[in-house]
Amino acid sequence: METVVSGIRPTGNLHLGNYFGAVKNFLRLQDEYKCFFFIADWHSLTTHPKPGDVTANVRKILAEYLACGINPDKAAVYVQSDVKEILELYLFLNMNAYLGELQRVTSFKEKARKQPENVNAGLLTYPTLMAADIIIHKANKVPVGKDQEQNMEMARKFARRFNMIYGVDLFPEPESYHFTAEAVKVPGLDGSGKMGKSEGNAIYLIDDAATIRKKVMKAVTDSGPVEPNSVKPEAIENLFTMLKIVSSQDTYDYFNEKYNNCEIRYGDLKKQLAEDIIQFTSPIRERILEISADTDYMDKVVAVGAEKARESAAATMKEVRKIIGFK
Ligand code: TYM
């Protein structure tokens, strides 16, 4: 049976980008594959060296994972730092990862620009840690959003390189998984590129109805098209992309036609979009609140998940050590 691995950093709450870029596909995959879904707490140290209460940060994502429908009886749900074997593989992969290729990774360059006072080695070797997360379970599929494509290329490269250097066929090449033809990029509604925590433009699954309405009504628009069938500027295209993601095809078609006839009223579009987002998030929000109250349950879930993940990781590391020459 093919194996699936994916993770999310515990640096805040889950937003619509995380859901539609990643978690939605976790749900699709968990019935058919051997799945490992984790919370990447070590990775978060690359940008948040003083994370505060790690347990609380982790529980936040965990409650949200479970509220979205990730089923711990089907998938191993665990915390990265509970599986120390990952560190050993990270070390081995780093021995065959080169400064030049790591420095060329776009997200490294971006983060180095954003935090010039803290261009640390963890940031540089982010892709080797991510590769270790993935290949330690010999994953075939990795459900991630579009922003992770370069990290996935690096993971494939490190898997191939290990096999080549040691003359083995240990690691399959992990493919990013998305149900749609293209990887998903959920846009920001502030006229910028993607929705993200650090972009400050996120709509969170935990947001209440009033907050969602306020955020959506603030979305950037323009004065409307003057020519029929005009190309949509980015901010407007982003609103339509969001409609496509959360609303029905009929709703999308209705507003698209209005746009094409130059009759669009952005206020109406935003109202509809806000209500459709609320309809989608409110049952998830209720479950998040319920699950968050039950810390015993959450602790049990990650204890069982860590067991399963460690068993799989330990088996791989036994092979890895032997291949490299450690007896
Ligand atoms: P992270 O924590 O930034 O985001 C988690 C997941 O959400 C997706 N995502 C989006 N997808 C579409 N549109 C958006 N606007 C959007 N914003 C976020 C991300 O693509 C990701 O799938 N490096 C990873 C964490 C990680 C990991 C791994 C993932 C560590 N090890 C191993 C897979 C396998 C990250 O920072 O994701």
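## About the model

Residues are numbered from 1 along each chain as its sequence is written, and side-chain values use heavy atoms, leaving out hydrogens and water. In this predicted model, local features need pLDDT of at least 70 and side-chain atom pairs count only at pLDDT 80 or more, while totals for chains, interfaces and linings use all residues.

## Residue N18

Let's start in helix 1 (residues 16–29), where N18 is found. Helices here are DSSP runs of H or I with at least four residues, numbered from the N terminus. Is N18 buried or exposed? N18 counts as buried because its relative accessibility is 14%; buried means under 20% relative accessible area, with a 1.4 Å probe and protein chains only.

Apart from neighbours within four places in sequence, N18 has contacts (heavy atoms within 4.5 Å) with I8, N13, V23 and K197.

## Helices 3 and 13

Two packed helices are described by the angle and the distance between their axes. For helix 3 (residues 54–68) and helix 13 (residues 266–292), the axes come within 8 Å and cross at roughly 130°. Axes are lines fitted to C-alpha atoms over the stretch in contact, with angles from 0 to 180 degrees between N-to-C directions.

On the helix 3 side, A63, E64, L66, A67 and C68 meet I284, R287, I288, I291 and S292 of helix 13.

## Helix 11

Helix 11 (residues 234–246) has 13 residues. Its buried residues are A235, I236, N238, L239, F240, M242, L243 and V246, and they pack against helix 1, helix 12 (249–260) and helix 13.

Note on methods. Helix = DSSP H or I, 4+ residues; strand = E, 2+ residues; numbered from the N terminus. Buried < 20%, exposed > 50% of the residue type's maximum accessible area, 1.4 Å probe, protein only. Expected span 1.5 Å × (residues − 1).
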